[in-house]
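Good morning, and thank you for the time on today's agenda. Please look at the structure on the screen while I speak.

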Amino acid sequence: MGTFKNFIGGKWVAPRTKKSFPNRNPADLTDIIGEFPASDGRDVDLAVAAAKEAYDGWRRTPAPKRGELILKVGQILTRRKEEIARAMTREMGKVLKETRGDVQEGIDTAVVHGSEGRRLHGFSAPSELPNKVGWTVRSPIGVAGLITPWNFPLAIPTWKSFPALVAGNTIVLKPASDTPHSSHLLVEAFEEAGLPPGVVNLVHGSGSSVGNAIVQHSDVRVISFTGSTAVGREISATAGKALKRVSLELGGKNAMIVMDDADLELAVEGVLWGAFGTTGQRCTATSRLILQKGIHDEMVRRLIGRVAALKIGPGLEEENEVGPLINKARVEAVDEYVRIGRKEGELVCGGEPLTTGVFKKGCFYAPTVFTGVKPTARIAREEIFGPVLSILAVKDLDEGIRCLNDTAYGLSSSIYTRDVNRAFTAMQELETGIVYVNAPTIGAECHYPFGGTKDTGNGHREGGTYPVYEVFTEWKTIYVDYSGSLQKAQIDNRKNE
Ligand code: NDP
């Protein structure tokens with residue numbers, strides 16, 4: 001067990017508070033990964049000052065050069081992939097196959113944004129006046145505050161930091177208190193790649209202290225936040241008053257529709273992965289399964305057998321398919337929803353914390369399924385963020401689409417059908433930021449836009465290239481008039497006809 005530090009101005013430094021918090025393995029709470037800084041606003045001030053000082057040098061560094069450094073970070077992550085994946089599983093519980101995927105996503109993101117340093121396209125258009133040209137360039141914004149959750153503790157910080165940096169911003173990163181180690185390892189990669197001091201800063205500590213101080217700081221001009229809708233609303237209100245750019249990636253209540261004509265075996269595979277991958281702790285997790293009546297009973301029968309057979313246990317053991325929840329508070333929150341669910345539907349599988357034998361020291365919960373859930377039930381409407389699936393029955397596609405859209409969130413959706421007309425109708429009518437056909441609601445690729453509608457965010461998209469640079473850059477429009485005379489745009493010189 002070690003004592004970890006913040007990274008400010010290119011140095012690893014202890015927090016001003018001189019306080020720390022333990023980071024525990026959720027599969028075995030007696031296993032402490034390390035003590036991490038319980039920083040406060042004073043540490044944020046130092047980090048923002050370092051980022052501000054580094055900004056001019058960094059924004060003047062040619063973008064292709066900035067991109068090269070991000071590519072180098074990607075190479076370091078590639079070399080350390082297995083080590084980081086194991087550390088991540090120990091820190092937040094998901095199984096090794098998934099943490100390897102999380103690191104790989106960071107590597108892929110480095111490839112996308114590292115090469116974007118050679119594009120960062122603006123555009124040109126013909127001027128309305130003779131002997132005049134205009135074009136646009138993307139300019140960085142300044143110091144970016146990045147606040148991240150624990151469920152993708154490497155991928156999400158890379159989704160934010162790589163494009164922010166390639167665009168020429170400097171950053172202050174605050175990772176979730178449950179996963180400080182994964183961000184520590186990422187920042188080690190930045191350090192080894194040779195980014196100039198102050199370009200990347202890392203401050204550990206609580207959301208209410210460090211996160212809030214970042215949001216409030218007048219020198220932080222853009223905030224990118226992934227987390228709960230409740231915290232997103234607070235951040236948006238605070239940052240809105242200061243006219244800061246804010247990108248919010250928030251919660252989800254994603255659903256999969258399975259039509260009578262679907263390949264049921266494929267749908268069962270999809271829902272198992274969508275609902276119970278990452279122990280249901282994904283913003284894109286499938287938490288509602290909407291079944292057309294003709295296949296309802298058969299689909300439930302097939303699914304229950306498979307859910308009951310899922311291998312649960314510590315993620316570091318390769319044979320396990322479902323790891324623990326992130327912490328005890330999450331076990332309690334999930335259990336509370338299961339108590340509510342018992343009154344709202346029929347519990348057909350799971351429904352309790354796992355507390356004996358191999359599960360004794362950890363935060364495990366049995367994969368849980370409810371049938372007979374009405375669209376008005378709380379377990380059909382509220383984000384549970386755990387291994388709980390609510391099954392609803394509908395008579396046809398129209399009812400299925402209405403039911404799927406009937407939620408405050410709008411992140412991801414899915415339909416299983418072999419009928420092309422139904423598939424295209426769903427693509428058109430589903431109100432989510434991501435729509436899958438014959439695939440579960442999870443599994444975003446980093447070069448496509450990621451994000452959702454309604455309470456899932458505030459209209460921005462991260463991921464992809466064009467969308468995320470809308471978050472991290474300002475447009476600058478440049479005109480050059482080489483006519484040698486005063487030409488007046490916006491003046492109507494046309495004679496009346
Ligand atoms: P939280 O909103 O509680 O935390 C997210 C981050 O915000 C953490 O770093 C947290 O710090 C910090 N934070 C907490 N309070 C504040 C505050 N007042 N000001 C600034 N920062 C703050 O979410 P969870 O960690 O519980 O993550 C789960 C949620 O994230 C789910 O709702 C899920 O849907 C959503 N999510 C969304 C994704 C998306 O892309 N749409 C992807 C992944 C998750 P600390 O850890 O110290 O509390």
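First, the conventions. This is a predicted model, in which local features need pLDDT of at least 70 and side-chain atom pairs count only at pLDDT 80 or more, whereas totals for chains, interfaces and linings use all residues. Residues are numbered from 1 along each chain as its sequence is written, and side-chain values use heavy atoms, with hydrogens and water left out.

Let us begin with the helices, which are DSSP runs of H or I with at least four residues, numbered from the N terminus. Two packed helices are described by the angle between their axes and the distance between the axes. Helix 3, residues 81–92, and helix 6, residues 180–193, have axes that come within 8 Å and cross at roughly 160°. Axes here are lines fitted to C-alpha atoms over the stretch in contact, with angles from 0 to 180 degrees between N-to-C directions. Helix 3 is therefore roughly antiparallel to helix 6, a term used for angles over 145 degrees.

Which residues of the two helices meet? From helix 3 there are Glu 83, Ile 84, Ala 87, Met 88 and Glu 91, and from helix 6 Pro 180, His 181, Ser 182 and Leu 185. Contact means heavy atoms within 4.5 Å. The residues of this contact divide into five nonpolar, two polar and two charged.

I turn to the cores. A nonpolar core is a set of buried Ala, Val, Leu, Ile, Met, Phe, Trp, Tyr and Cys residues joined through side-chain atoms within 4.5 Å; buried means under 20% relative accessible area with a 1.4 Å probe, protein chains only. The largest nonpolar core has 48 residues, and Val 73, Leu 77, Leu 165, Phe 190, Leu 195 and Phe 472 touch the most other members. Apart from it lies another core of 31 residues, including Val 268 and Leu 389.

Is Phe 276 buried or exposed? Phe 276, in helix 9 (residues 264–276), counts as buried because its relative accessibility is 1%. Beyond four places in sequence, its contacts include Val 307, Leu 310, Pro 367 and Leu 389.

Finally, Asn 320 lies in the loop between helix 10 (293–308) and helix 11 (328–344). With a relative accessible area of 6%, Asn 320 is buried.

Methods
Parallel < 35°, antiparallel > 145°, perpendicular 65-115°, else oblique. Nonpolar A, V, L, I, M, F, W, Y, C, P; charged D, E, K, R; others polar. Buried < 20%, exposed > 50% of the residue type's maximum accessible area, 1.4 Å probe, protein only.
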